[in-house]
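Please keep the sequence and the 3D view at hand as you read.

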Amino acid sequence: MECSSSPWISAARYELPFELDVWMSHGDHVTRLPDGFETTATTGDVVTAIENPERGIYCVQFHPEVSHTPLGKEIIRNFIFGICHCKGDWTPAQFIKEEIEKIREIVGPTDNVVCGLSGGVDSTVAAVLVHEAIGDRQTCIFVNNGLLRYREFEDTLEVYKNNLHLNVRGVDASEDFYSVLANVVDPELKRKAIGAKFIDVFDIEAKKIGDVKWLVQGTLYPDVIESVSLRGSSVTIKSHHNVGGLPDKMDLKLIEPLRELFKDEVRLIGKDLGIPDEILQRHPFPGPGLGVRILGDITPEKVELLQKADRVFIEELHNFGIYQDVWQAFAVLLPIQSVGVMGDFRTYERTVALRAVTSTDGMTADWARLPHDFLAAVSSRITSEVRGVNRVVYDISSKPPSTIEWE
Ligand code: XMP
């Protein structure tokens, strides 16, 4: 892309070169400029940025927000500081202070609050923030849907109670989830079944608390965007069960303190709040959990098998010191069997796919270039330790056009 000398697309605080690489879909293009606009950047004949400074309108055709646009952040910075004159004085400590005040004000001196914990970064940070504001007037509910990672329910519950001193109830509803998922194959139907069962279980538990008016959710900004739509008003890519549903059914008002934040900001806030790294640095995990990583129908046996394979993968990422180099990594159980050999015998067993991606917010992602000796170690451990798996494959697809999860 070639830039003009406009202050945001070339130089304000960050001097941009005259030519730079950008990530752009060529599907749509500008055929005629609106009145009063001028072109500020092009790729040859194709217009990539325009502006009308008098009306304060600045437009790009490419994606400055993705990592594939190497200087995208600088363009956004130039816009924010050079054009919008923002100060850039956001700090985790200031955010926490302001949110605590806001939460106290919203909830008032007597209302009770309920919070659904998932074991992940977002709900944990939201719960600890609210706990700082109103203490044990918040009751947290941590549901085991039977689709969590290996030992995640037991270990995380321990951290919630003993490290973070949250007022938390652990509910093991695995069997209930397995029974509504029996023979469900379609990914969206699985999501809906898991979401609906979660609401039922949560509702029953919340009613035991008594007079509750508020629900805390760890909704992040990407959840908000993806739930509304990525491609216009009519297409929802995936239904995120953590946004919507519960509040209506239970007649609760929402507290979503992280709604305008991205994951890396939430981690910074969590660190300031004293949340241990084992939770804070944990890779993101979808609400429907292993349910969308077992392709085809879900059974407790398949869950156990996937939990074991996934645990090996994650353990080895830690052993090789590369867990933090990837944004998200997990194993997927494929609905196919293939021929193998063990000793003198022919086997006909399952295939596990390993997925590891680099990303900044999950909205775009690249497959992680993991070392071959690492992949060899994981494959060898899975095929020897996880009975029923005789083949391991590595997923080399980026998002787009793939998604991070397989369902
Ligand atoms: P995709 O597969 O859409 O994933 O590229 C992007 C990020 O979102 C997570 N994900 C979900 N999270 N409920 C969730 O709470 C869901 O239904 C869901 N589907 C995907 C995924 O793990 C990745 O971090």
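The report below goes through the nonpolar core, a helix, the aromatic rings, the cysteines and some backbone details.

Please note that this is a predicted model, in which local features need pLDDT of at least 70, side-chain atom pairs count only at pLDDT 80 or more, and totals for chains, interfaces and linings use all residues. Residues are numbered from 1 along each chain as its sequence is written, and side-chain values use heavy atoms, with hydrogens and water left out.

**The core**

In soluble globular proteins, nonpolar side chains tend to be buried together. A nonpolar core here is a set of buried Ala, Val, Leu, Ile, Met, Phe, Trp, Tyr and Cys residues joined through side-chain atoms within 4.5 Å. Buried stands for under 20% relative accessible area, exposed for over 50%, and partly exposed for values in between (1.4 Å probe, protein chains only). The largest such core has 50 residues, and Phe313, Leu317, Leu354, Leu370 and Ile382 have the most contacts inside it. Helix α11 (residues 300-319) gives the most to this core, with 8 residues. At least three residues of the core come from each of domain 2 (92-280) and domain 3 (293-394); the domain bounds come from an automatic or database domain assignment.

Helices (H or I, at least four residues) and strands (E, at least two) are DSSP runs, numbered from the N terminus. Leu305 has its place in helix α11 and is buried, with a relative accessible area of 13%. In helix α6 (residues 187-209) you will find Phe198, which is buried at 17%.

**An enclosed helix**

Helix α3 (residues 121-134) is worth a visit. Its expected span, 1.5 Å times one less than its number of residues, is 20 Å for 14 residues, and its end C-alpha atoms are 20 Å apart, which agrees. Of the 14 residues of α3, 13 are buried, so the helix is largely enclosed by the rest of the structure. Gly135, with a positive phi near 60°, follows α3.

**Aromatic rings**

A pair of aromatic rings is described by the distance of the centres and the angle of the planes. Rings of Phe, Tyr and Trp (its six-membered ring) pair if their centres lie within 6.5 Å; planes under 30 degrees apart count as stacked, over 60 as edge-to-face and the rest as tilted. The structure holds 9 aromatic pairs, and two of them are set out here.

| Pair | Centre to centre | Angle between planes | Kind |
|---|---|---|---|
| Tyr221 and Phe262 | 5.6 Å | 80° | edge-to-face |
| Trp367 and Tyr394 | 6.3 Å | 75° | edge-to-face |

Tyr221 lies in helix α7 (residues 221-228) and Phe262 in the loop between β9 (253-255) and α9 (263-272), so their pair ties together parts that are 41 residues apart in sequence. Tyr221 is partly exposed at 35% relative accessibility, and Phe262 is partly exposed at 26%. Trp367 belongs to strand β12 (residues 366-367) and Tyr394 to strand β13 (residues 389-394), so this pair ties together parts that are 27 residues apart in sequence.

Elsewhere, Phe142, Phe153 and Tyr160 form one aromatic cluster.

Some rings also have a charge over them (NZ of Lys or CZ of Arg within 6 Å of the ring centre and within 35 degrees of the ring normal). Arg369 lies over the face of Trp367, 3.8 Å from the ring centre, and the charged end of Arg293 sits over the ring of Phe330, 3.7 Å from its centre.

**Cysteines**

How many disulfides does the structure hold? There are 0 disulfides, a disulfide being a pair of cysteine sulfur atoms within 2.5 Å. For Cys84, the nearest cysteine sulfur is that of Cys86, 5.2 Å away. Cys84 is partly exposed at 39% relative accessibility. The sulfur of Cys115 is 4.5 Å from the closest cysteine sulfur, in Cys140, too far for a bond; Cys115 is buried at 1%.

**Backbone details**

Most residues other than glycine have a negative phi, and most peptide bonds are trans. His165, in the loop between α4 (152-163) and β7 (168-172), has a positive phi near 55° and is exposed at 52%. Asn183, in the loop between α5 (174-181) and α6, has a positive phi of about 65° and is exposed at 66%.

In the segment after β13 you will find Pro400 and Pro401. The peptide bond from Lys399 to Pro400 is cis, with omega near -10°, and the bond from Pro400 to Pro401 is cis, with omega near 10°.
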